[in-house]
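The following exercises ask the student to read a protein model step by step.

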Amino acid sequence: MDPALIREREAFKKHALAIPVIEKRSDSKSSSAKVSKSKKKKSKLQKPKPQPLVEDVAEIKKAANLGRRANNPYRVLKSVVDMLRQRYMTKNYEPMSAEEILTLLDLTELVTETRLWLIQALRENAKIHHYPETDKFLFKPTLGYSVKNRHQLLHKLKELDKDGLGGVSMTDIREALPNAEKSLKKLEESKDVMKITRYDKEEIVFYCNKEYELEVDEVGLSAMQGEERKRKAPGQKKPPKKKHRPHKILNTHLDNDLLKDYSEGT
């Protein structure tokens with residue numbers, strides 16, 4: 001090798017070794033910020049847990065008193081309905097008077113005007129059953145009082161199917177049964193019911209009527225397939241349509257009257 005090239009090569013190596021190298025360190029702050037952002041994204045993607053239908057009694061009392069202090073009778077009414085529903089879902093089917101309700105919710109200091117409005121609103125509420133003879137109130141589910149367990153629910157679905165009235169929404173079932181999800185799971189496992197999600201994401205439960213199940217063996221299936229092939233047999237053409245030939249129309253009966261010569265002198 002040429003001595004000049006060797007000297008240039010050695011000089012290049014020395015020069016390269018003399019240049020300091022700075023290593024890029026990861027920024028702990030930026031990395032932690034990225035981690036927190038990823039956590040936030042994950043938390044956004046996670047679906048929120050569904051709130052239980054039956055609220056805690058303490059929370060209902062708190063909401064009722066907040067409505068009282070804010071002079072908001074509608075908020076008080078909602079709290080009363082929630083409390084009656086909570087009692088029903090815990091299988092407490094004893095009706096309550098207005099005084100018993102107000103005492104339970106710590107609403108004894110409710111002003112007279114709001115108290116009278118509340119009692120009348122309870123009498124007219126669709127979710128409350130009013131007993132006029134005792135002036136007491138009890139929560140009333142949409143399915144009524146005949147559905148309190150999964151066996152009664154199955155009976156209700158059978159009646160609806162028999163009358164051609166369809167199924168029941170999960171919202172109404174949760175309103176009537178304390179352990180609605182557990183009851184539905186058992187009915188689905190026994191293939192007595194099925195759930196269908198509607199366009200608005202509402203789940204509808206139907207009775208599985210086994211009378212509508214069609215069993216077809218291999219012989220019947222082959223016969224059906226043969227019938228289908230006969231319908232679609234190749235080579236069969238539709239008969240041609242008859243063409244109507246144009247006919248020349250001669251109005252010869254008009255010649256004697258319309259083709260006369262009316263010139264002068266005739």
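The exercises below proceed from the whole chain to its cores, a helix, a sheet and single residues.

This is a predicted model in which local features need pLDDT of at least 70 and side-chain atom pairs count only at pLDDT 80 or more, while totals for chains, interfaces and linings use all residues. Residues are numbered from 1 along each chain as its sequence is written, and side-chain values use heavy atoms, with hydrogens and water left out.

**Exercise 1. The whole chain**

State how many helices and strands the chain has, and what share of its residues is buried.

Solution. Step 1: helices (H or I, at least four residues) and strands (E, at least two) are DSSP runs, numbered from the N terminus. On this basis the chain has 11 helices and six strands. Step 2: buried means under 20% relative accessible area, exposed over 50%, and partly exposed in between (1.4 Å probe, protein chains only). Of the 266 residues in the chain, 25% are buried. Step 3: a contact means heavy atoms within 4.5 Å. Among the contacts with a separation of 6 or more, 54% join residues 24 or more positions apart.

**Exercise 2. The nonpolar cores**

Identify the residues that touch the most other members of the largest nonpolar core, and the element that gives the most to this core.

Solution. Step 1: a nonpolar core is a set of buried Ala, Val, Leu, Ile, Met, Phe, Trp, Tyr and Cys residues joined through side-chain atoms within 4.5 Å. Step 2: the largest one has 24 residues, and L84, I101, L105, L118, L122 and F137 touch the most other members. Step 3: two or more residues come from each of α3 (57–69), α4 (73–89), α5 (98–104), α6 (112–124) and β3 (136–139). The greatest contribution, eight residues, is that of α4. Step 4: a second, separate core holds 17 residues, including L154, L157, A180 and Y207.

**Exercise 3. Helix α6**

Solution. Step 2: the buried residues of α6 are T114, R115, L118, I119, A121 and L122. As background, an α-helix has 3.6 residues a turn, so residues three or four places apart point the same way. Step 3: the buried residues pack against α4, α5, β2 (128–131) and β3. The face turned away from the buried side carries the exposed residues T112, E113, L116 and E124.

**Exercise 4. The three-stranded sheet**

Give the order of the strands in the open sheet, and explain why one side of β4 and of β5 is left without a neighbour.

Solution. Step 1: the order is β4-β6-β5, with antiparallel pairing. Step 2: β4 (168–169) and β5 (193–197) stand at the edges with a single partner strand each, so one side of each has no neighbour in the sheet. Step 3: β5 pairs with β6 (residues 203–207) over five bridges, and K195 has V205 in β6 as its bridge partner.

**Exercise 5. Two lysines and a tyrosine**

Decide whether K191, K201 and Y207 are buried or exposed.

Solution. Step 1: K191, in the loop between α9 (180–189) and β5, is exposed, with a relative accessible area of 62%. Its phi is positive, near 60 degrees. Step 2: K201, in the loop between β5 and β6, is exposed at 67%, and its phi is also positive, about 70 degrees. Step 3: Y207, in strand β6, is buried at 18%. Leaving aside neighbours within four places in sequence, Y207 is in contact with L154, L157, K158, D161, D192 and V193.

Terms used:
Two strands pair if DSSP finds at least two bridges between them.
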